[in-house]
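These are my notebook entries on a set of look-ups in one structure. I record each item with the criteria applied.

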Amino acid sequence: MGRISDFFFGTTGGALPLAVATGAPIGNALVAPWSDQSSLAHIAYSDIFTGGTDVVTREVAMTVAPVFRGRAIITGKLADLPLISGNWVEGEFVAANRQPSWLTSSKTVVSPYHRMLLTLDDLLFYGWSLWAVQRSEAGTILDARRVAPHQWAFDSNTPLGIRVNNQPVTDRSSVILFAGPSEGLLQTAADTIRGARAMEKAWVGRVQNPLPMTVLHEVASGSGGTRITPQEAQEYVDAWSQARTSVNGAVGFLPATLNMETYGEVNADLFENGRNQIRLDIANFLNLPASLLDGSANSASLTYVTREGERQELVEWLEFWLAPIEARLSMDDVTPHGQFVRFDRSNLTVTPNQSHGPALGNPEPATETPDIQEASS
């Protein structure tokens, strides 16, 4: 597989098959484009839960509310920002007169918005992302699409260190490899994600059993003998535990042969402090203001939307995620020497944001950019 574009775009120049666009088919089923069936996703750790998984995967991380929220903020604010080709003139970025059409359009069934959203998703969780590129005979990029993590892997024994669909990639011009700003959330925040999952499990258990630890004591008879067998004791424990989780669990009945004692105090905050600390930790790992992940009803208005200064501050935080993509797309194998690719950040500071997609209208194709069908024929 020297040119992976032959697989992802087809040798006839036709539209990308839906099965390939949404995820590689496995058997008769399709794999979601953010599937964790990849060697990039497997980070081992000891079991926290009985019968639990032994890896931190994207699916596991997305069950943690602050991770879900942080990912939504990053992808929601950045995925629809237009890409612009140009250069710097007296300290200002000036867009080129003719824009490569592939930066803001796609001839596949995957929109540029989803291409960028999934790229950001890859960098956020795994620290890496890969695009397949289709070029004209002259080497001009015609189209690009993101390769799902389960479709590729690193392999130091291949010419370029990458395998796609288990085949080594030998043509450097057929791929664009993005390196993220960090190793990825599944590695850097693995312990925090595990802790969040354990905290959630403990919190749910505490809600179901809000009373302190309870011990049922047998009331000693006059002779001091034991009248309740171990089997009967277990039946009492099971019945009492089940009754406590019912709607009327605050009321119970004990026979004269039993007495109930409780140990410890009822903690009214139900792990609130611990859960809030996890939000702060996740915000730090994502390089986001902690206030965006606090979940407080009092912050429903989100100050970064209503205050100019804090909107600008958010842009500065999000540069962490924009800069690596801009740097890679500005390299000479993607953009002509002397030109750079930048995101149009205007939508991040304009209120209300009613503009989605290219801010410059429909870009004109580059001079050397023929139609994909013509290039393939």
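**Strand pairing**

I looked up strands S3 (residues 83-89) and S4 (residues 92-95), which pair in the antiparallel sense over 4 bridges. Pairing requires that DSSP finds at least two bridges between the strands. Helices (H or I, at least four residues) and strands (E, at least two) are DSSP runs numbered from the N terminus. I noted that the bridge partner of Asn87 in S4 is Val94. The hairpin of S3 and S4 has 2 residues between the strands, and Glu90 takes a positive phi near 50° there.

**Basis of the entries**

The model is predicted, with local features requiring pLDDT of at least 70 and side-chain atom pairs pLDDT 80 or more, while totals for chains, interfaces and linings use all residues. Residues are numbered from 1 along each chain as its sequence is written, and side-chain values use heavy atoms, leaving out hydrogens and water.

**Helix packing**

I then turned to helices H4 (residues 65-78) and H9 (residues 272-286), whose axes come within 9 Å and cross at roughly 35°. Axes are lines fitted to C-alpha atoms, for helices over the stretch in contact, with angles from 0 to 180 degrees between N-to-C directions. On the H4 side I listed Ala65, Pro66, Val67, Gly70, Arg71 and Ile74, which meet Ile278, Arg279, Ile282 and Leu286 in H9. Contact means heavy atoms within 4.5 Å.

**Glu326**

I located Glu326 in helix H11 (residues 308-329). Why does Glu326 count as buried? Its relative accessibility is 5%, and buried means under 20% relative accessible area (1.4 Å probe, protein chains only). Leaving aside neighbours within four places in sequence, I found Glu326 in contact with Val341, Arg342, Phe343 and Arg345.

How values were computed:
Buried means under 20% relative accessible area, exposed over 50%, partly exposed in between (1.4 Å probe, protein chains only).
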